[in-house]
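Trainee: I should like to learn how to read the features of a structural model. Could we take them in turn, with the general idea and then the case at hand?

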Amino acid sequence: MKLTSTRKSLITAAFLAACLPSAATAGLFDDDEARKAILDLRSKLDAVNARLDNRLDTKADKSTALDLANENEKLRSEMAKLRGQLEVLANDLANAQRRQQDFYVDLDNRVRKLEPKRAVIDGREVVIEQSEERAYEAAMTTYKSGDFKNAATAFSGFLNSYPQSAYAGSAQYWMGNSYYAQRDCKGMIPVMQQLLKSFPDHPKSPEAMLNIATCQIELKEKPAAKKTLEGLIAQYPGTEAAQAAKSRLSGLK
């Protein structure tokens, strides 16, 4: 009766040793080598179970209680060692899977940052590169900080790098405004004129013409200023810039 009780206890321990690692490693067997290693350890555990059954039957026949106790202790120790190895391997696999998942998440985020994106710019839906968006926003940040000299350089660099960008018209305008903010009319006028030539339908074109006329007045170029104001009224009637042009035109007479 004692042998039967001991046998059941050891078989139960072996069963738990085999099952617990299995639960811990569920879903972690994408790696063939790791799967092979765990299966090998489980095979060894099964061998221990078989040896346990054999030893218990043999020793029961010979009624050598002391030898049976020693052998049972040895088998328990070996099962505990195998169980520990399985748990360590399962933990290593779990950590490796987490690192792999983190890597793929990071890689996916990096790829997303490189992918083109849809955006609405100046009333038009376009596809832009994220790098060009970042370059334009960096130039705008410089402008808004009041660093107009470097802003002009940044917008110029943007236009050189992305001449076909949906932001090109706005970059041209804000580059001109960067010169205007520095009271550099000679630098501003050709930039704004290029905007009118390349992007006549840009929302900022009326303001660009008004700024050109303002600079021409400051440079004492009244005939040129008058022509610019009249052109603004004719090309962009109904705009606020056209209304301002009418007021300034009356002041030139």
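**A helix and its buried side**

Mentor: In H10, the residues Ala241, Ala242, Ala245 and Leu249 are buried, where buried means under 20% relative accessible area, exposed over 50% and partly exposed in between, with a 1.4 Å probe and protein chains only. These residues cover an arc of only 90° around the axis, so they lie on the same side of H10; the arc is that of the directions from the helix axis to the C-beta atoms. The model is predicted: local features need pLDDT of at least 70, side-chain atom pairs count only at pLDDT 80 or more, and totals for chains, interfaces and linings use all residues. Residues are numbered from 1 along each chain as its sequence is written, and side-chain values use heavy atoms, with hydrogens and water left out.

Trainee: Which exposed residues does the face of H10 turned away from its buried side carry, and against which helices do the buried residues of H10 pack?

Mentor: That face carries Glu240 and Gly251. The buried residues of H10 pack against helix H8 (205–218) and H9, a contact being heavy atoms within 4.5 Å.

Trainee: How should the span of helix H10 be read?

Mentor: The expected span of a helix is 1.5 Å times one less than its number of residues. The 13 residues of H10 (residues 240–252) should therefore span 18 Å, and the end C-alpha atoms are 19 Å apart, which agrees.

Trainee: Where is Gly231 found, and is Gly231 buried or exposed?

Mentor: Gly231 is found in helix H9 (residues 222–235). Gly231 counts as buried because its relative accessible area is 19%. Gly231 and Ala242 are 11 residues apart in sequence, and their C-alpha atoms are 9.3 Å apart in space.

Trainee: How many helices and strands are in the chain, and in what sense do strands S1 and S2 pair?

Mentor: Helices (H or I, at least four residues) and strands (E, at least two) are DSSP runs, numbered from the N terminus. The chain has 10 helices and two strands, and the order from the N terminus is α-α-α-β-β-α-α-α-α-α-α-α. Two strands pair if DSSP finds at least two bridges between them. S1 (residues 117–121) and S2 (residues 124–128) pair in the antiparallel sense over five bridges. They form a hairpin with two residues between them, and Asp122 in the turn has a positive phi of about 55°. Val120 stands opposite Glu125 in S2.

Trainee: What is the general idea of a salt bridge, and how many does the rule count?

Mentor: Side chains of opposite charge can pair when their charged atoms come close. The rule asks for a side-chain nitrogen of Lys or Arg within 4 Å of a carboxyl oxygen of Asp or Glu, and the count comes to three salt bridges. Arg183 forms one with Glu218, the closest N and O atoms being 2.4 Å apart. This pair links distant parts of the chain: Arg183 is in the loop between helix H6 (168–181) and helix H7 (185–198), whereas Glu218 is in helix H8, 35 residues apart. Arg183 is partly exposed because its relative accessible area is 48%, and Glu218 is partly exposed at 39%.

Trainee: Which residue forms a salt bridge with Glu125, and which side chain meets that of Glu207?

Mentor: Glu125 forms a salt bridge with Arg118, the closest N and O atoms being 3.6 Å apart, and both residues are exposed. The side chain of Glu207 meets that of Lys204 (3.6 Å, N to O).
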